[in-house]
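Please open the structure in your viewer and keep the selection tool at hand.

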Amino acid sequence: MKTLGSVLDEQSGFGQGFDFLRIFLATGIIASHTAQLSGHSDLAQGSVFWFVENMLVPMFFALSGFLVAGSSTRLSPRSFLLNRMARIVPALAVDIVFAALIIGPLVTTLPLQAYFSDPMFHSYFLNIIGSIHFDLPGVFQGNPSKNVNGALWTVPFEICCYVVLVGLMVSGAMKDAKWITWLTLGVLIAGVTLRAMGPGLASGEPSLLKVAALNLFGQRSSLLLQSFLIGVCLYLHRYSIPFSSRATLGLTGGAVLIGVVGDAHGVLSHPAADAILLPLVVYLTVAIGLSRVPPIPGFGGGDYSYGLYLYHVPFMQLLIHVFPNAWTGTWWWTLFFVGFPVSLAAAMISWHLVEYPVLKLRRSFVIRHRPEETANGRQIPAVLPEAR
């Protein structure tokens, strides 16, 4: 019987479909944001693609959980954190600096002195350390959305996932797949319970514990942590979980069917829906990643998915600002076909000038392999793809 682990080993620890999946998910997110940024977000939620639109980011986190779980078994906690920082922070910092120092001064409605002295300008740089601020003073005031880079909302959740994983590494829990499974099940149950309590939990006197519980377990954004942990579980149990092309096709068909016959309010409003759907979506994500998907022409020069995710909102917002009447009415969707190539060009520049040079540098001071085996005694592959 083929398992997720045996297929991963057959591919020398590098799932051929993960490169395709990264680009596919990033492209889907850009398509979704095309509707939102042009003032047509209701169309995305009201169309048959609502299910895909709601699952794109959780699938990214599921992919990340599966892949970095492998890194956590090969690296020390310190090296793991440095490794993640080396992959995420440089491109993020360039994105923030470019938006604040280039785009902002070009389009702000404020005098430059007022722009640079505004506290909102200074706080925007906190995005680099995960404290999210979406707006710059006087920037994109005439756009349907004023956010300079609304896609950054996932950064604190990504940091949270890595902190949780490091905690599991330090405690030794990552060596016990069953314990991680029970933890993930507990997180899923907590999410269902807190969302079932609904507005009642959010009412009353706010407290730090209540806010943390709502953000990590009670809101739909909690799907990100849950998806990440399920991805970790699939990696740890990879030699026990069957790999089935038929199941992958069946789950894909099921997702299409749910999208056609269901709607966001009717399906996703049920508290238990996430606990049922998420494991299936995460399995589908990993199964696609391990499938022999042909490479996408033109994308073999690097991993452009992170750059696409980071840069697409500022550049699409800039297009809306410069050509405000071009994306109105029935032609709003053409923003995607202009914005995607521009964002891809920025992602390619970012990869070759920023991300890849840092990745080459990190190998000399970050990666420190540990001669360890997985919890079930099998040897860890020598090569394993990173989350990004």
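Begin by selecting Glu 355 and Arg 87: the two form a salt bridge, with their closest N and O atoms 3.0 Å apart. Glu 355 belongs to helix H17 (residues 334-365) and Arg 87 to helix H5, so this pair ties together parts that are 268 residues apart in sequence. Both residues are buried. Please note that the model is a predicted one.

Asp 303 sits in the loop between helix H15 (273-289) and helix H16 (305-322), and 216 residues separate it from Arg 87. Asp 303 counts as buried because its relative accessibility is 12%, and the limit for that class is under 20%.

Next, select Asp 19 and Arg 22, whose side chains meet in a salt bridge (2.8 Å, N to O). The two residues are three apart in helix H2 (residues 16-37), which means that about one helical turn separates them. Is Arg 22 buried or exposed? Arg 22 is buried, with a relative accessible area of 4%, whereas Asp 19, at 37%, counts as partly exposed.

Now display Glu 355 together with the residues visited so far. Salt bridges that share partners join Asp 19, Arg 22, Arg 87, Asp 303 and Glu 355 into one network. The whole structure holds four salt bridges.

Helix H5 (77-107) provides the largest share, four residues. Leu 101, in helix H5, is partly exposed at 38% relative accessibility.

Definitions and conventions:
Residues numbered from 1 in each chain as written. Predicted model: local features only at pLDDT ≥ 70, side-chain atom pairs only at ≥ 80, totals over all residues. Heavy atoms only, no water. Buried < 20%, exposed > 50% of the residue type's maximum accessible area, 1.4 Å probe, protein only.
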